[in-house]
Amino acid sequence: MTVASSSPPSRLPLSGAKAVVPTRKAKARARGDGALAAVFIAPAMLGFLVFLLWPTLRGIYLSFTRFNLLTPAEWVGLDNYVRMVNDPIFWNSLTVTVEYVVINIGVQTVAALAIAVLLQRLTQSALLRGIVLTPYLMSNVVAGLVWLWILDTQLGIGNEIITALGADRIPFLADETWAIPTIALINVWRHVGYTALLLFAGLQAIPNHLYEAARVDGASEWRMFWRITMPLLRPVLAVVLIMTVIGSFQVFDTVAVTTAGGPANATNVLQYYIYGSAFGRFQFGYASAMSVALLVVLSAITILQYRLTRAGQTDLG
Amino acid sequence: MRIRTITALAGALTLSLVTGCAQGGSTGASANTVTYWLWDANQLPAYQACAKGFEKENPGLRVSITQLGWGDYWTKLTAGFIAGTQPDVFTDHIQKFGQFADLKVLEPLDDLDIKESDYQPGLAANWIGQDGHRYGTPKDWDTVALFYNGKMAKDAGLTGEQLNSLSWNPKDGGSFEKAIARLTVDRNGKRGDEPGFDKNHVKVYGLATNGSGFADGQTQWSPFTGSAGWNYTDKARWGTEYQYDSKTFQSVIKWYFGLADKGYMAPFSDYNIQSNQSNTQVAAGKAAAAFDGAWMISTYAGFKGRDIRSALTPAGPTGKRATMMNGLADSITKASKNKEGARKWVEYLASDKCQTVVGEYGVVFPATPAGTEAAIAAYKKKGLDVSAFTEPVADKKDFRTFSYPITNYAADVQALMQPEMEAVYGNGKPVSSLDETNDQINLILDQ
């Protein structure tokens, strides 16, 4: 009966074992841990309350006011929301933003997935992984400006190459058809490496023996990708998608430095319109109402994505 | 004991963060310092020299000057008004004046006893708000003229005299349109006025693009709308109705942007506020001429190997040449922490003493006649003929000068006009669509 002599860990009672009753001393220690935990949490909690919760609540309040920041806010009820619903520029901004998100996330996810799978299946080179991440080390503004100069219709080296090849110049950032796809692809260029590395980390968690077994069964790389990689990567892919979609909806800096919302509102994405209304026209109440709308849209999309992709569950049984 | 230590450390860290935030926006204001902001880097040495003179006259007072680029300048100033970190004195622009007056962030300057006759005509009057108080002291002025590449003009067979005596009309464009067609060259070497000219493959445009011009068209279409006799609003100052629905305005805009369709002016897609403004196109040899303001004289003169000269704006259907005459001012912020020092500095900035010093740097035309003369002499010393900019101010018979539109809701007007004008220029939207935009603008002004 040597088995009986090995006692289970006191904090993990087995079924049938007596519940561990904490002594007074243990309770006191637990209280002590609580205080210590509170101290550790305090700076983050303070940041959360001051920089997130309070501004959010205040933003929601301001969305019901007329406010120019320098004089007291004046309660106007639902006026800002009525104006928003009737504002064609708001709807244009929302449409333009969705167009941006679809192109940005669509291309970025496929490209990142391809890079991640290639990194995992073909090479273990840390140098290659480093190179893939390089554009992400650049700030958005710098990346935007560099691409602006490369793609300038008249002076950009990109268009010099295009004309040298015998084609006509392309107004990448100055034409309403080209501008949004161009900005979306500039940001794909910058973020794809980072997204690929996140997915690559997810791929590392898939046990290698599954691929070995599939290979023994004669499965092709293509079949293994669809039958092993994709199903087992799904939870990671879902979280990456949720994060990148939220980030994509908040596009601002690239637009600000390349097109400033033009030409003719073609790239006036929601964040840029909110910024212009607040800091250009001093309509902080209206800008707050549009921010609340963005919050609602993002929350709805996140919940929907979470549900549809079963992000909280894994198929790795 | 350990918990107490950690608590103390966490508290200290939090406090340092909070106080750090508070100190981050500090402008270093004190009773002995006057903080002053301007945006033009070319003018910084001139105002530093002026500040030295001021400090000599006012022992114990120091002027701390900050220069920020145009875009950052207004963003930071706005943030400063909100956070209470604004400068004591700042360079003000008419475009922003209405909004700042609405927001009540400017200090009245009535007691400075600014006499209109001490400055070039119209400059002092522009800075009086609707409430009758003065909020700015005249600082400088600028007009618009045609910069052109001397060598390209010579190759096209156009003399300086010819370019100085151009006229235009909205029907056939007159001698002005003929001249810029002549200056335009396609990739096969054909000029814009020659048979076989390929308007879709232009190598050098006769006229550079400076974008759609938003609501004012200062360096784009305003020389034409002005010489056609059109006014932005129903009144010279603090108008209550904009007039973008006028048939005169719309016919001028249609003709002007139509120059791009003919291949004589660079298309809207060639313009970018960051990477390719009109001066860049001239510097790169992609355009032969560009309308631009007097504040750009030094910039154009600095283009090596381009032999840049300037010509008067063309005479329009009214028989007169026209240019916007815009003047900047110095304003004191209402929340200034050193109003007494600020008043002294602004008074000094508005004086002949300071403006003559600034003029001697040859980078801008100061508002006082003596300052203007000093600037003309300084430009001459640098070998620059600036008569295309000064003549419109001196000769009221042949020239019309007009001011930047001064109204309430200026930021809203810009925000509404920008996409509309871009759509007309870039997407070929009919000019008649401006009727609706004008209605929207006037509705806002009616509030």
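Reply: pLDDT is the predictor's confidence in each residue, from 0 to 100. You'll want it here, as this is a predicted model, where local features need pLDDT of at least 70, side-chain atom pairs count only at 80 or more, and totals for chains, interfaces and linings use all residues. Residues are numbered from 1 along each chain as its sequence is written, with chains lettered from A and ligands numbered from 1 in the order written.

Me: What does chain A average in pLDDT?

Reply: The mean is 88, and 89% of the residues score at least 70.

Me: Where does pLDDT stay under 50?

Reply: Where pLDDT is low, the predicted coordinates should not be read in detail. In chain A that stretch is residues 1-19.

Me: How do I read a helix pair, say α6(A) and α8(A)?

Reply: Two packed helices are described by the angle between their axes and the distance between the axes. Helices are DSSP runs (H or I, at least four residues), numbered from the N terminus. Axes are lines fitted to C-alpha atoms over the stretch in contact, with angles from 0 to 180 degrees between N-to-C directions. For α6 (residues 140-151) and α8 (residues 176-204) of chain A, the axes come within 10 Å and cross at roughly 125°. That makes α6(A) oblique to α8(A), the label left after under 35 degrees (roughly parallel), over 145 (roughly antiparallel) and 65 to 115 (roughly perpendicular).

Me: Which residues of α6(A) and α8(A) meet?

Reply: Contact means C-beta atoms, placed from the backbone, within 7 Å. A:N140, A:A143, A:G144, A:W147 and A:L151 of α6(A) meet A:T182, A:I186 and A:R190 of α8(A).

How values were computed:
Helices (H or I, at least four residues) and strands (E, at least two) are DSSP runs, numbered from the N terminus. Two residues are in contact if their C-beta atoms, placed from the backbone, lie within 7 Å.
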